[in-house]
Amino acid sequence: MRIIEVARTSAVVAETSGRKAKVAALAECLGRAGAREAPVVVAYLSGELPQRQIGVGYASLRDLPPPADAPELTVAEVDAAFTEIGAVSGKGSVARRRELVAGLMGRATRGEQDFLVRLLSGELRQGALDGLMAEAIAAAAGVPAADVRRAFMLRGALGPVAAAALADGAAGLRAFTLEVGRPVKPMLAAAAPSIDDAFGKLAAEAAAEVAVEWKLDGVRAQVHVSGGAVRVFTRTLDDITERLPEVVAAVRELPVRDAVLDGELIALRPDGRPHPFQVTGARTATRTAKDTEPVPLTLYLFDVLHLDGADLLDAPGAERGAALARIVPEHLRMPRLVTGDPAAAKAVFDEAVARGHEGVVVKSLDTPYTAGRRGAGWIKVKPRHTLDLVVLAAEWGHGRRSGLLSNLHLGARDPESGGFVMLGKTFKGLTDELLAWQTRTLRELAVREDDWTVHVRPELVVEIAFDGVQHSTRYPGGIALRFARVLRYRPDKSAGEADTIDTVRAVAPVMD
């Protein structure tokens, strides 16, 4: 398949507003790609690279060679070129990468150059998000979309799922099973402004019971046990086992042969209150130096997906909770209360907040484990309004912030367009240390800039506290955050996990 076909499909999808039309265009392209090239085509149309990062920044894409006259580049050739570029390292690597980029771009037509530049810069926002792409794979292969979504949940990537569906149909998708040692995407929680709202969404009748668990300000951990081997993965499916010897030791004491467990890691002070998130994040993000005493992490487990040969993904929450209680001692389990009384749930919420934690997660006892989705079966409740938003741009500061990128442009995900809806700006809550880090990081993500503003690839997720949402004619979404302020950056989250514009409206009603 030629890359021009992918570029044209991207343009069609970007110009199309209807979901069905987007899916149809994507499916038609995937059908022509076939099983062998499908993983790469899926990645490109999702605005991603199979190689993830290849070290090509804004500066390498500013001065392009004259375009080719005719479209001859194939998907396989572009993928091979990106792999070669990403493998360059050592002295002279910057110049060599620019040379390779120029060589690739010189073989591309004007339209292909535009597509490749937007792909490499993170500006390819045509709306081909995971949900749409899963539907497109299903349509191209003639299989149920639910089968594609489940295979994606178990494999963690749509490319291999597309290849299997196009090659072997439903039988190929059934080959994807929960495999101990291979992480799956974690189940996520929706949000509600209060315990009563959460109960209203989950309880079908007054007597219905739910589970109320503490919500910690920690790092999500998926723990796989196979025989005597223990592996720990983050929510982004990265293996951090070697960094957590104390966690591995604790898990090895569990009376299980094979298991997949879901939980949270957090750094606690001697009095049991949490350290700032940065302490936990730093402990899991890097290997501790040999001459540095590591800050110990505490593991709290709250779910089990597999236990000694039996998959529990489809089991109701009550059954999974009972299985967890049988194998995990209380001190390693997330504090939890099963109740039908909102007042009792509020008491759990108050205790969690009083101990320095974020709030609670209210969970249905009937829902299965819907990995990779922000399902309605889990609802988080916090004492203050917070959102995980994406940094779209930043403005240069003034006065004591001169020379630093300060005022952040904040965006929520738009599931329909695949882009981001700007909700306002903020420079509040930024320490000197965070300003310096933010400036360095955003410059590396820059795609264009002028005298006042640096526009960046939409990759950095930042947690924002705010006091409310109000109507606004200034921003395209028609709403803006009131008194937004930075709490912290979330390197453990991808832009695809940021909150949506629908979540913004649900968490805080729009004020006049």
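A residue is called buried when its relative accessible area is under 20%, exposed when that area is over 50%, and partly exposed in between. By this scale G340, at 22% relative accessibility, counts as partly exposed. The model described here is predicted.

G340 belongs to the loop between β8 (336-339) and α13 (342-354). Its C-alpha atom is separated by 14 Å from that of E213.

The overall architecture was examined next. The protein chain holds 15 helices and 20 strands. For its 512 residues, a compact globule would have a radius of gyration near 24 Å. The protein chain has 24 Å, so the value agrees with that of a compact globule. Along the principal axes, the C-alpha atoms fill a box of roughly 70 × 65 × 55 Å. Of the 512 residues, 52% count as buried.

Contacts were then sorted by separation along the sequence. Among those between residues at least 6 apart, 72% join residues at least 24 apart. The surface of the protein chain was also characterised. The chain carries 64 positive and 66 negative side chains. The centres of the two charge sets lie 3 Å apart.

Helix α5 spans residues 110-121 and has twelve residues. From its first C-alpha to its last, α5 reaches 16 Å, close to the 16 Å expected at 1.5 Å a residue. The buried residues of α5 are E112, Q113, F115, L116, L119, L120 and S121. Their packing partners include four helices: α1 (3-15), α2 (19-45), α3 (75-87) and α4 (93-106). These buried residues also pack against the strand β14 (446-449). After α5 comes G122, whose phi is positive, near 80°.

Helix α2, one of the partners of α5, contains A24. A24 has a relative accessible area of 45%, so this residue is partly exposed. The C-alpha atoms of A24 and M1 are separated by 18 Å, and the two residues are 23 residues apart along the chain.

Another helix position is G281, in α11 (residues 277-285). G281 counts as buried because its relative accessibility is 18%, and the limit for that class is under 20%. G281 and R490 are 209 residues apart along the chain. Their C-alpha atoms are separated by 8.8 Å.

L313 lies in the loop between β7 (310-311) and α12 (317-327). With 2% relative accessibility, L313 counts as buried. Residues up to four places away in sequence aside, L313 touches R150, M153, L154, L178, L305, R320, P368 and Y369. A371 is 58 residues from L313 in sequence. In space, L313 and A371 are 8.3 Å apart, C-alpha to C-alpha.

Backbone angles were considered last. Most residues other than glycine have a negative phi. D308 is not a glycine, yet its phi is positive, about 45°. D308 sits in the loop between β6 (298-307) and β7. At 31% relative accessibility, D308 counts as partly exposed.

F483 is also not a glycine and has a positive phi, of about 55°. This residue is placed in the loop between β18 (479-482) and β19 (485-489). F483 counts as partly exposed, with a relative accessibility of 48%. That value falls in the partly exposed class because only values over 50% count as exposed.

How values were computed. Residues numbered from 1 in each chain as written. Heavy atoms only, no water. Helix = DSSP H or I, 4+ residues; strand = E, 2+ residues; numbered from the N terminus. Rg over C-alpha atoms; globule rule 2.2 N^0.38 Å. Buried < 20%, exposed > 50% of the residue type's maximum accessible area, 1.4 Å probe, protein only. Contact = heavy atoms within 4.5 Å. Lys, Arg positive; Asp, Glu negative; His and termini not counted. Charge placed at Lys NZ, Arg CZ, Asp CG, Glu CD. Expected span 1.5 Å × (residues − 1).
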